Amino acid sequence: MVKHMTPNDVLFDKYQVLKQKAQAIAHTLSNSEDNVIIITAENPDSLCATGILLLNFKEKKMGAHVIYGNEKVQIEKRIKKFEYKIIICIGFNLNEIPVSILKDENKKRVIIHHELTKKEVEKISKENVDELSLEPVGLAKDTVSNAGLCYFIASGFNGDYQKYSPLAIIGGLAKRQVDSKTQSLIGLYAIILDEGKKEQYLNVTTGTRIAGRESQPIHYALKYSINPYFPGLTGNESACTSFLSRTGITMKDQEDEWRTIASLSSEETKKLNDGLVSILMENKNHSINDIRKLIGPIYVIENESEKKPTRNAEEFLWLLEGACQIGKYGLALSVILGDRENSFDQLYSELSDYHGRATNAIDEIAQKPEIIKEKKYYRIITGNELFDRETAPVIINALIDSKTITIDTPLLVSVEQAEETYLFVHESPSEQERGIKLYHIFQEAEKDKIVNKLSKEGDFFEVSIETDKFSEVIKKVEQMLEYHHEGAKEVEVKEKQTTTSSQASVDIKTAEDKKE
């Protein structure tokens, strides 16, 4: 009798193929004495992936240089400064890697990216190139992140590779590779979690999912909470202390030390959760899924000290996301590699100011909705008095995630800095389905040299514009949006007229048939 394979059997078989490819790359790298250079995308997942490789290289006494970059021109300039024989690209699609790298068959190239498509991989020259991605082995791109892929490479370097499981987990959380209801990691993370827990590098509990739960006094964790955003609490310290007093939660312990959310008893945790859920329920903009996200899995990194942000995987990610937003990639990587003193202290200090500015701005916008200017086909916020270029993206995401702003139309946020204006744009998913994409408008503007620089990630993109050209660009956006909307209406009218005309012809024909 033939035994049919279950979906889990199929997934495990594909995982084995992926792991073998990863270990083959590890074998190639560990047997080389050549100089290595790593080019990493500027995001937490790719930085964690880079950290895993560097820690393995250090154990093998291999040297490596790291280049951060999201633009081909920038990468090409930086890479000329180094002598190397092996180049590793992490987190880039094929069209984001300089052609000079892809065509240089004299150097060993390794391309690692969980989002590479099968078609892209087929275009890569097989001469002196290794790639590690998911689609070519039959796995979905959200099965594991770049940090997870590098975790599998680490399994080919040494037997104690499970110590890198926390970084792999952080990468998966960074890429939101989680179940939308339970917030649990999905795909191959079941394997990574099992391995990490077995070797006591990881533990998973259930609790209140707020950044700062491990390291910050409870009222500060609530004050600086952006995702989720708590109306009336976020950005308002006195409101947070009053809320805790009403719920009967003491803010200091018997030694007069500030307590954290992680230190609360189960009864106190229930009180806190009930109170926070009530606040979210009062805000009609919050969906039931938003409320469910408040309570879920807590990924604890066991070898990190208690009351440190690096002990909780999501709080660790919170640090890395902030670092990337303010351009402190070197500090972020130092913390990933284990620095818990100089680099950590510097980063934590800078992020305290960053998150403080962000939460204050979010609170003011929520209290004064007139700050959001309603235009015919979009909404716009001018941020100079509220926030700056660094804090704009986190503010936009928080406003959208909390449903303070709906995105039935595109959201534009402008920040003027020196002689340039930075415009942050979040596309409207419903309008994208109708074929209305602002990104395409700005691509044309970039070709016409009306805008200086355009960078995109998901539904969100940033564009820099000379301030004296800003009005011209906005006018062009309005004209294009009007053309798309009014053009669509004309098509609808014509279709209705055609349908009415056709129906009239059918009715006449039916009447004539009856006469006969």
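Is Asp388 buried, partly exposed or exposed, and what is its relative accessible area? In this predicted model, Asp388 is partly exposed, with a relative accessible area of 25%. Its side chain meets that of Arg357 in a salt bridge, with 2.3 Å from N to O, and this pair links distant parts of the chain, since Arg357 belongs to helix α15 (residues 342–367) whereas Asp388 sits in the loop between β9 (379–382) and α16 (392–401), 31 residues apart. Arg357 is likewise partly exposed, at a relative accessible area of 26%, and both residues belong to a network of salt bridges that also includes Asp353 and Glu390.

The structure holds 24 salt bridges. Another of them joins Glu131 to Lys21, the closest N and O atoms being 2.6 Å apart; because Glu131 lies in strand β5 (residues 129–132) and Lys21 in helix α1 (residues 7–30), the pair ties together parts that are 110 residues apart in sequence. Glu131 is buried, with a relative accessible area of 14%, while Lys21 is partly exposed, at 25%.

Helix α10 (residues 237–247) has four buried residues, namely Cys240, Phe243, Leu244 and Thr247, and they lie on the same side of α10 because they cover an arc of only 95 degrees around the axis. An α-helix has 3.6 residues a turn, so residues three or four places apart point the same way. The buried residues of α10 pack against α9 (218–223) and α11 (266–282), whereas the face turned away from them carries the exposed residues Ser245 and Arg246. A salt bridge between Lys223 and Glu237 (3.5 Å, N to O) also links α9 with α10.

Notes:
Residues numbered from 1 in each chain as written. Predicted model: local features only at pLDDT ≥ 70, side-chain atom pairs only at ≥ 80, totals over all residues. Heavy atoms only, no water. Buried < 20%, exposed > 50% of the residue type's maximum accessible area, 1.4 Å probe, protein only. Helix = DSSP H or I, 4+ residues; strand = E, 2+ residues; numbered from the N terminus. Arc of directions from axis to C-beta. Contact = heavy atoms within 4.5 Å. Salt bridge = Lys/Arg side-chain N within 4 Å of Asp/Glu carboxyl O.
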